[in-house]
Amino acid sequence: MLRALYTAASGMQAQQINIDTIANNIANVNTTGFKQGRAEFQDLLYQTIRPAGAASSTSTTYPVGLQLGLGTRQVATDRIFTQGDFRQTENPFDLTIAGKGFFQVKLPSGETGYTRDGSLHPSADGILVTSSGDPLEPQVTLPANWDTFTIGKDGTVSASVAGVNQTVGNLQLANFANPAGLEAVGGNLLKVTTASGDAVTGAPGENGTGQIFQGMLENSNVSVVEEMVNMIIAQRAYEVNSRAVKAADDMLSQINNLTR
Amino acid sequence: MSDAFTAGYIGMDSRMKLIEIVTNNLANLQTTGFKTDFGRLLESEKSLTVGSNIDMASGEIGYTGNDLDVAIDGPGFFAVQTPGGVRYTRNGSLSLNESGDLVTKDGMKVLSTSGSPINARGLNVAIQDGGIVTVDGNEVATLKLVSFRNNTDLQREGANRFVWTGAADGVQDVELPMMKGRALEHSNVNPTMEMVRLMTAYRDFESVQKSVRTIDSEMNGRLIQELGRLT
């Protein structure tokens, strides 16, 4: 009987993690470049009480076996890399990637971070940095006293100074064999792992990366309606598992009452 | 008298097993590709045993938009290579590992129609309808789908996997494989049905428990107390 208690508890625990994932998605519904997370479950081990085909007499066998499952467990939080909607901002420092690929960012630790958030700013020295102040990689420095500033679809950054147009840098995007294997570290940043494979970099539009559009940002790809539905399902699934705990508990109490 | 107690024990124990099966189904309400177990009571010559069957009905197919999700829209199982041999699953939530092999979420390689793992090294890997794996738009392999002669020799292993315990020729390729790309098959557990099963088994348990208590206190107890009185 204790099996049922633990089994139902594993179901409740799984739904708790599910709700945590959903809550994080909903909290990031307005986060630029955020990618929806999804909790994935698997059934746990099975206890084979009697295999199918066991002898029921000397000449006959049981046509069905008896396997008792021990519940569920969470196996992964998948990240869904579908394209978010574009939002027109008219700010020349806002960039969006139409397609796959990530901006590369040099982190203070010296590592390279990857992000879909193209909300950039010039630093005091004219270096293009993210909202958290990390410079893009390869670094792009704007000349002093620039008048206009454009970024082409292929990542060419040009600025005009006193009416003379000049190329000041090239943006590069990174792509991965398995983007879902990247590790989220917060701050819209992802880090490379052994599961993601190494970064393949190239100009936007090359190596399967998308082109860059200026003056737009990519919205979070979280769909509020979908998350609300998922939340209802998760909550009900939690509830139904708690009923099973109650039933198991009641049965245990009845066993205890067999002798008075 | 002891016969009644044994019958009572079997009656309660079998209901407990039924509840354990129901509980496992409920715990797996959200497990991709999960198949409901239904427990049943089997009357044998001397006792009552519990058997569990797998309900192979399709779960609902939900669109996810994820390039590496694939749902089986009909009969069949994906074949995956595990350390213990080939296993079968309906869970099409796939991923790529670091060397570009198509794997399940616990890292087991998925097999193609040719029976070999699928290497999809490239930057735009997707699974199309029909289970066709494409890399940058080029077809590289098709997912293998197999069916079984019967479901009774199919044992659960956990982690969404089944193991075939019957004869080797009981596994055939599905003739008309139907797969949907960018979609997943939900668990086929029906919570309403499971709650009904839970209630039924629970009430049955209660009845048996009442009868055991009656036998004990009203009959056995009285027998000992009344008959044993000497004066």
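Student: What share of the contacts in chain A with a separation of 6 or more comes from residues 24 or more positions apart?

Tutor: Such residues account for 62% of those contacts, where contact means heavy atoms within 4.5 Å. In chain B the corresponding share is 60%. Keep in mind that this is a predicted model, in which local features need pLDDT of at least 70 and side-chain atom pairs count only at pLDDT 80 or more, while totals for chains, interfaces and linings use all residues. Residues are numbered from 1 along each chain as its sequence is written, chains are lettered from A and ligands numbered from 1 in the order in which they are written, and side-chain values use heavy atoms, with hydrogens and water left out.

Student: How many helices and strands does chain A have?

Tutor: Chain A has two helices and 19 strands, counted as DSSP runs (helices H or I, at least four residues; strands E, at least two) and numbered from the N terminus.

Student: What makes chain A more spread out than a compact globule?

Tutor: The globule rule is 2.2 Å times the number of residues to the power 0.38, and the radius of gyration is taken over C-alpha atoms. For 260 residues the rule gives 18 Å, but chain A has 27 Å, well over that value, so it counts as more spread out. Its C-alpha atoms fill a box of roughly 95 × 40 × 30 Å along the principal axes.

Student: How does the radius of gyration of chain B compare with that of a compact globule of 231 residues?

Tutor: Chain B has 25 Å, whereas such a globule would be near 17 Å. The C-alpha box of chain B is roughly 100 × 35 × 30 Å along the principal axes, and the chain has two helices and 18 strands.

Student: Why is Glu60(B) called exposed?

Tutor: Exposed means over 50% relative accessible area, buried means under 20%, and partly exposed is in between (1.4 Å probe, protein chains only). Glu60(B) has 63%, so it is exposed. This residue sits in the loop between strands S2 (48-54) and S3 (61-63) of chain B, and beyond four places in sequence it touches Leu184(B), Glu185(B) and His186(B).

Student: Ala162(A) and Ala159(B) both lie in loops. Which of them is buried and which is exposed?

Tutor: Ala162(A) has a relative accessible area of 68%, so it is exposed. Ala159(B) is at 14%, so it counts as buried.

Student: Which residues touch the most other members of the largest nonpolar core?

Tutor: Met251(A), Met12(B) and Ile19(B) do, in a core of 29 residues. H1(B) gives the largest share, seven residues. A core of this kind is a set of buried Ala, Val, Leu, Ile, Met, Phe, Trp, Tyr and Cys residues joined through side-chain atoms within 4.5 Å. Setting aside neighbours within four places in sequence, Met12(B) contacts Leu258(A), Phe205(B), Val208(B), Gln209(B) and Val212(B).
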